[in-house]
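The sequence and structure are shown first, and the terms are defined where they are used.

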Amino acid sequence: MSLASCESLLNPTTKVSLAISHHGTRDANGVLPDLGEPEAARVFVNDKGWEVTLAEGVIVMTAAQIESCAGESFDFELPYGPFPEYQLAQDQDLVDFAMVDLPEGSYCKLRVEYGRYQSSLAEQAFDTPYAVQGHAPIEGLTVYLAGTAKDLANESEGANFGFETNQTAIVELDLSTAVEGRPLVITGKEPGGKALTVAKTYDAFFRGLDFANYDKAALEAGLLEVLKAETYVVVGPQVF
């Protein structure tokens, strides 16, 4: 038996994959909405009575890390580099983002980083990097949202919008109660591995927004705070 084989028996690990997804805001019954077909604009009405047509939307994820309940951290590998997630892709679809081999133990925290898209870094990916979809000028940006809005109470009033930020945010997500009230547990004996899914709610950026009277600079300064609040993690390869 080789030394590598002995090591794997003495210190077994499990591969944990991380997928990324997005969707609109759930209704009062917790049901996810259908806000548009794949590759088509997302259309929804915000709480100020504006019908928003999101024609372009990209959110960039650049890193992920998981922490054991004992405080040891493990960085995920990103075989395809930074992920410029196209918000007009099919809602609830999962895109493989990262993976890590974890030793036996309990895991209480997941951290994900939203950061600037840099094509030069994407080109250094081990595998074929993600394609940048749509027409958003995403180079150097973390979030880009553009489209139109119409006041349903006053059909003659409309607005074009384009919001962006190049700032970075790290989101810490709780895994300590993720599995029936308990942490994510790795035994090193999971032959099929484990899966995590991180999702976000894209129409949340427009809550409370009156397109007839708003401060664009303040709105853009708050984009990442909204994103942090609307990002969540589930154990398993699905969003439902």
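## Basis of the description

Helices (H or I, at least four residues) and strands (E, at least two) are DSSP runs, numbered from the N terminus. The model is predicted, so local features need pLDDT of at least 70 and side-chain atom pairs count only at pLDDT 80 or more, whereas totals for chains, interfaces and linings use all residues. Residues are numbered from 1 along each chain as its sequence is written, and side-chain values use heavy atoms, with hydrogens and water left out.

Y214 lies in the loop between β12 and α3 (216–221). Its relative accessibility is 29%, and Y214 therefore counts as partly exposed; buried means under 20% relative accessible area, exposed over 50%, and partly exposed in between (1.4 Å probe, protein chains only). With neighbours within four places in sequence left aside, Y214 is in contact with F161, F163, L209 and L219, where contact means heavy atoms within 4.5 Å.

Two strands pair if DSSP finds at least two bridges between them.

I20 stands opposite V198 in β12.

P103 is partly exposed because its relative accessibility is 27%. Apart from neighbours within four places in sequence, the contacts of P103 are P12, T13, F74 and I186. P103 and V233 are 130 residues apart in sequence, and their C-alpha atoms are 20 Å apart in space.

## Pairings of strand β7

Strand β7 (residues 105–114) runs antiparallel to β3, with 7 bridges between them. Here A64 stands opposite V112 in β7. Strand β10 (residues 169–174) is also antiparallel to β7, and 6 bridges join the two. V112 has V171 as its bridge partner in β10. A further 3 bridges join β7 to strand β11 (residues 184–186), again in antiparallel fashion; in β11, L184 is the bridge partner of Y107.

A63 belongs to strand β3 (residues 50–68). Its relative accessibility of 25% is why A63 counts as partly exposed. Not counting residues up to four places away in sequence, A63 touches L78, F97, R111, V112 and E113. A63 and E123 are 60 residues apart along the chain, with a C-alpha separation of 16 Å.

## The largest pocket

Rolling a probe the size of a water molecule over the atoms shows where empty space is left. On a 1 Å grid over the protein atoms alone, a pocket is an open set of points where a 1.4 Å probe fits, with protein on both sides within 12 Å along at least five of seven lines; lining residues have an atom within 4 Å of a point. Grid points are joined across faces, edges and corners, and a volume is the space filled by probe spheres set on the points.

The largest pocket holds about 150 Å³ of space. It is lined by 13 residues, of which F83, Y86, A89, V95 and Q133 are the closest to its centre. Strands β1 (13–23) and β5 (83–86) each supply at least two residues of this lining, and β5 gives the most, with 4 residues. By class, the lining has 8 nonpolar, 3 polar and 2 charged residues; Ala, Val, Leu, Ile, Met, Phe, Trp, Tyr, Cys and Pro count as nonpolar, Asp, Glu, Lys and Arg as charged, and the others, Gly among them, as polar.

## Loop residues with positive phi

Most residues other than glycine have a negative phi. E39 has a positive phi, near 70 degrees, and is not a glycine. E39 sits in the loop between β1 and β2 (42–45) and, with a relative accessible area of 48%, is partly exposed.

Q92, likewise not a glycine, has a positive phi of about 75 degrees. Q92 is located in the loop between β5 and β6, and at 32% relative accessibility Q92 counts as partly exposed.
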